[in-house]
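Thanks, everyone; I would like to walk you through one structure this morning, taking a pocket to begin with and then a strand and its neighbours.

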Amino acid sequence: MSTTKVAVLGLGAMGLPMATRLATKLEVNGFDISAERMALASQSGITTFASAREAVTGADALLLAVRNGEQLDAVLFGEQGVAGQLKAGAVVILTSTVGLEAVPATAKRLAELGLGLVDAPLSGGPVRAGEGDLLIVVGAEPDQLEKVRPVLELLASTLSIVGDKPGDGQALKTVNQLLCGVHIAAAAEALALADKLGLDQATTLEALQAGAANSFMLGNRGPRMLEAYSEDGAEVLSRLDIFVKDMGIVTSAARSLHLSTPVASAAEQLYLLGEAHELAAADDSAVIKVVAPKAAQ
């Protein structure tokens with residue numbers, strides 16, 4: 001089966017640019033509970049529907065951009081779940097980071113309905129999603145992967161096949177998020193320390209990026225950390241509470257394996273403190289305000 005029609009459920013910060021990118025080559029149906037996101041999708045060449053079930057009807061593949069395992073289960077198997085509406089042989093592409101536990105059971109339930117699951121969590125951001133420049137790590141049975149490879153290749157500049165079963169993608173993404181979460185927290189501490197030492201943070205950031213201390217997260221989040229104390233804060237490109245979720249996945253996985261992760265655990269506490277200080281909906285660069293609550297005078 002060749003994939004020509006894709007349904008995208010979840011047209012948020014990542015879902016909409018992915019759907020827009022796919023619409024350049026494929027027929028794309030979309031649905032989101034937000035009327036505003038639906039309007040933006042319509043303007044981007046995506047056919048929108050009044051319900052998720054209508055959106056998936058006749059689709060060869062369903063791309064899911066959900067928040068967590070609970071949403072995954074509700075969208076597929078809940079009271080208004082869409083799994084029963086998908087045609088036999090269709091493939092569900094899970095792009096979200098939901099953790100390892102939810103995926104095997106989801107794959108089993110879908111298989112009982114004659115449906116496939118491609119576990120394909122991704123890294124990047126909205127801009128890269130719209131440009132087809134994402135890193136996607138995939139765990140899937142080879143025959144299911146081949147059905148939707150054209151979809152994934154439209155979205156990814158790097159498509160890394162890490163295993164032949166659903167759950168393998170989540171495993172690698174868990175490792176990825178450990179590093180990302182720690183790197184953001186470390187960048188916040190470094191720039192806060194520079195400020196306390198009387199250094200200009202922008203100059204410090206520029207110098208650090210030229211040396212061995214540089215990292216993607218320092219270069220990407222650092223400039224936004226310098227905006228964190230402004231009245232409106234930095235533009236929200238990745239919410240802080242996403243890392244509350246993701247670092248929880250990291251530490252839970254490590255704990256289940258009796259693996260000590262003291263650095264990841266410390267970073268998790270910073271994000272939890274940020275959430276407690278009403279920064280959940282702020283950009284994750286706002287974690288610097290947890291490290292240094294007040295901007296230097």
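Helices here are DSSP runs of H or I with at least four residues, strands are runs of E with at least two, and both are numbered from the N terminus. This is a predicted model, in which local features need pLDDT of at least 70 and side-chain atom pairs count only at pLDDT 80 or more, while totals for chains, interfaces and linings use all residues. Residues are numbered from 1 along each chain as its sequence is written, and side-chain values use heavy atoms, with hydrogens and water left out.

Which helix gives the largest share of the lining of the second largest pocket? That is α11, with 6 residues, and α11 (240-256) and α4 each supply at least two. The lining has 14 residues, and V98, G99, L100, E101 and I249 are those nearest the pocket's centre. By class, the lining holds 5 nonpolar, 6 polar and 3 charged residues, where Asp, Glu, Lys and Arg count as charged, Ala, Val, Leu, Ile, Met, Phe, Trp, Tyr, Cys and Pro as nonpolar, and the others, Gly among them, as polar.

Now to strand β4, residues 61-64, where A61 and L63 point one way, L62 and L64 point the other way, and all are buried, meaning under 20% relative accessible area with a 1.4 Å probe and protein chains only. Strands pair if DSSP finds at least two bridges between them; β4 runs parallel to β1 (residues 5-9), joined by 4 bridges, and L9 has L64 as its bridge partner. On to β5 (residues 91-94), which also runs parallel to β4 with 4 bridges, and here L94 stands opposite L64.

Key. Buried < 20%, exposed > 50% of the residue type's maximum accessible area, 1.4 Å probe, protein only. 1 Å grid on protein atoms, 1.4 Å probe; cavity = no way out; pocket = protein on both sides within 12 Å on 5 of 7 lines; lining within 4 Å.
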